[in-house]
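Let's take a walk through this structure together.

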Amino acid sequence: MMLIWLSVASADDAEIVRLLNLTDDIARGESSVATLTMEVKTARYERSVTMKAWSKGTDRSLVVIEEPAKEKGVATLKVGDDMWNYLPKVDRTMKVPAAMMGGSWMGSHVTNDDLVKGSRLSEDYTFTLVEQPQDGDARYVIELVPKPDAPVVWGKVQVVISEAEIPVSTEFYDEGGDLVRSMLYQDVKTIGGREMPSTFLVVPADAPEEYTKISYGDIQFDVDLPDSTFSLQALKQ
Amino acid sequence: MKFLVAVAWRNLWRQSRRSLLTASAMGIAVAMCLASVALVDGMYGAFADALVTQSLGHVQLHNGEYPSTKQPWHTIDDEGLIERIEALPGVTGATDRLYGQALLGDENDSTGAILVGITPRRELALSPLDERLVEGRFLADEAAQEVVLGKGMAEDLELSVGDSVVIITQATDGSLGNELLEIVGIVSSGRTAMDRGGAWMHVEDLQDVLALYGQVHEILVTGPDPDASASLLAEVEGAETGDLLVRTWQEASPQTAQMMGMQDASMAIFIAIIFGVASLGVLNTMLMAVFERTRELGLMKALGMTPLRVVALVLTEAALLGLLSCVLGAILGGLLDWYLVTEGLDFGDGLEQMGVTFDPIIKGEVTLKGVVGVLVPLFFICVLAAVWPAIRAARLRPVESMRGL
């Protein structure tokens, strides 16, 4: 099935895949080490969490909270589709069960699933380029519809990329076609030797007053990280 | 009057076999009713205790939003409120509960759990979970990072008393609330959902985990009688409840109220059927008595007995028969009741109502109301059933009845 589909893919399709990969690859390299701040605003609380993140390839990452003091040392390890949380207060590691993967990560509008997903948009969705820069709006708009058995929860995804090939936004729709949340890529600047959006803003459609804002303070790409960085033993340190 | 009773009594024993048979049949009916009432009252008591007092309380207090949203942050600020309620004269008990959902387990094996934060001494006064322990002990009075698990969950996770377990949940401030708890007891509460996934912990421990300091989700208040919840409600509302939602258990759970009401209705129907059959027995006996004494009654009327005296005579006979039935029934019913109260009736497995499994042995409960409610109506039904035969007897024409037959 996949092979047939690949064989009919045109050169245009390859171009769209390249554009989609731009979105997938923001802040992602062969490996990376980053410090970032997550600000969460909900109707009930506002919180700001500073953390350090390590990643390698698409399927390994480790995030450790540095602030606030109460949560210092809380860490999330992701290897493949599995995810663990380390809780320094009780000195225990807990695997996140499948049933909780849709739950909020650290009280934000980002789900555990969002963090674990290592696959590329172009693998899970069929896509159509609905707008190109020459159409006057100076941006690319790509519409994605999930493939029949793709493990995704969305009914439709819309990716917007600027003429300069910098990701602008990704909008997620449910199966009824209603907007569920938007992800906006802002504050384009050069960090870690790349020109990239340094702030990700997630806004849920049903509560536009709320948001989660992830800002990269510093990022280094292609750092030599041993696999052992992403082990349960390392999680405890 | 005395004369009438003496004559009626002797008349009754002229056909001693028939009278005794009728009285026995009715006595058995009375005994069956007494036993059924005792059993149903016992069952009703068990249901009321488990489904109302222990689960719903008689009056409940919530944040107005909580019942519909079930959002953890819709809480009651517990500051002094429960103490004020406990001090009310009509209140026999009050418990404050905080609910939470969490992942409970260890590194690799965990499951979703319903956490119930309680003040142990208050909760135990309402629902004696400590009597349902299958292992270990109940929570200590002071918060000590202890947990009591439902039996099913403990088995699923292969945990036992003495083991440590981690709970992890989304606290209301957005942080990852977590705590290491020591399992001190395992309980078979009889509540299906709680046995499969429930965990009880000290309310203060759960407040820490959920970052809901000093808050609870509900306060359940009990009085001496679940049926008197309306007056209890009025009393509780006097305890400065502010803008909290205060409801009786009937308002909080109409389906439970409906189910409890059905118990009463079905019992009433059952008793009515038995009494209906019993009254036919009296009717038959008294008709027979009137028919076979047509000649005698005619003579009495000829000698100057008024129709009213005839009616009184027949009704007195029926009343004496009813009294005899009641005595026989009370003796037999008393024996049955005694067995039901001391031994109970074993319903085997599967005695489950609304997610609560009951002790399969239901013990009878004898109340004055139950006994009087059977004996008095039966007595009057006896008398009532004799009205028609009595009127027939009163209408007899002396000459015809003495000549005929």
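This is a predicted model: local features need pLDDT of at least 70, side-chain atom pairs count only at pLDDT 80 or more; totals for chains, interfaces and linings use all residues.

Where they meet, seven residues of domain 1 of chain B are in contact with seven residues of domain 2 of chain B. On the domain 1 side of chain B, α2 (16-53) and β15 (356-357) each supply at least two of the residues that touch domain 2. That side of domain 1 has five nonpolar residues, two polar ones and no charged ones.

Now turn to the neighbouring chain. Here 17 residues of chain B are in contact with 22 residues of chain A. On the chain B side, the elements giving two or more residues are β4 (110-118), β7 (164-170) and β8 (176-187). Of these, β8(B) gives the most, with four residues. Sorted by class, the side of chain B that touches chain A has six nonpolar, eight polar and three charged residues.

Finally, zoom in on helix α15 (residues 387-395) of chain B, where Pro389(B), Ala390(B), Ala393(B) and Ala394(B) are buried. Looking down the axis of α15(B), you will find these buried residues within an arc of 140°, so they line one face of the helix. Residues three or four places apart point the same way because an α-helix has 3.6 residues a turn. As for partners, the buried residues of α15(B) pack against α11 (254-292), α12 (294-302) and α13 (307-342) of chain B.

Conventions:
Residues are numbered from 1 along each chain as its sequence is written. Chains are lettered from A and ligands numbered from 1 in the order in which they are written. A residue is buried if 20 or more other C-beta atoms lie within 10 Å of its own, exposed if 12 or fewer, and partly exposed in between; C-beta atoms are placed from the backbone. The arc is that of the directions from the helix axis to the C-beta atoms. Two residues are in contact if their C-beta atoms, placed from the backbone, lie within 7 Å. Ala, Val, Leu, Ile, Met, Phe, Trp, Tyr, Cys and Pro count as nonpolar, Asp, Glu, Lys and Arg as charged, and the others, Gly among them, as polar.
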